[in-house]
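Dear colleague,

Please find the structure below.

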Amino acid sequence: MAKKRIPPKGTSALNAQPRLHQHAHEIQRYGTVNHALPLELEEPVRLEMTEQLNQLLADTMTLRDLYKKSHWQVAGPTFYQLHLLFDKHYDEQVELVDSIAERIQLLGGVSLAMAADVAETTRIERPPRGREEVPVQLSRLLDAHQLIIGECRTLARRASEIADDGTNDLVVSEVLRTNELQVWFLSEHLVDVPLVKAKEPSLTAGAA
Ligand SMILES: [Fe+2]
């Protein structure tokens, strides 16, 4: 039997040495929800909602990162305004990511967090590592928004059907409306209007 070490007089048994490199089993597996919570929402409802919210989370995290990529890599005469706009939208997506992830946790679930897991889960097409032209950057962002908006509409309706009003409210008031607004700001950049010289009306138009 090992001898119990007796601390020297005047010292306590406590030790200031940090305990490093610790490992243990997970306390909750991904894809599960806590059995009972005082939310008046049954376990199957919370399980379904957290699963769908994790899909929305993975896609929102991907769109967030697509905005930072666009912010860094944008080129051309509209560099400055797009550089700023992309970063503004990035910041707004960061807020959404936090709201969605925390909704999953409060429903008793486990939110996705790490890039590798997000990459495996997202439905947004992976862009190349290199730089792309502005119209292509804008199109990629708009495609990602469209996918997320579709998910929001489906998820909001389902949340309402199974009486998860909090998820319905989050998805409609925050996620859907932010995405709709960002779509407007992006898509107006793809309207082909002259910058300096107005298009003259053709001579034949209006002559009849
Ligand atoms: Fe920056």
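A crossing is called left-handed if the near helix is turned anticlockwise from the far one by less than a right angle, and right-handed if clockwise. Helices are DSSP runs of H or I with at least four residues, numbered from the N terminus. The model is predicted, so local features need pLDDT of at least 70 and side-chain atom pairs count only at pLDDT 80 or more, while totals for chains, interfaces and linings use all residues. Residues are numbered from 1 along each chain as its sequence is written.

Helix 1 (residues 43-73) passes helix 4 (residues 134-161) in a left-handed crossing. Among the residues that make the contact are L56, L63 and L66 of helix 1 and L141, I148 and L155 of helix 4; two residues are in contact if their C-beta atoms, placed from the backbone, lie within 7 Å.

Helix 1 also holds E48. E48 is partly exposed, with 17 other C-beta atoms within 10 Å; 20 or more would count as buried, 12 or fewer as exposed, and partly exposed lies in between. The C-alpha atoms of E48 and T32 are separated by 10.0 Å, and the two residues are 16 apart along the chain.

Leaving aside neighbours within four places in sequence, L57 is in contact with V97, I100, A101, I104, S111 and L112.

Yours sincerely

Methods: Axes are lines fitted to C-alpha atoms, for helices over the stretch in contact, and angles run from 0 to 180 degrees between N-to-C directions. Helices (H or I, at least four residues) and strands (E, at least two) are DSSP runs, numbered from the N terminus.
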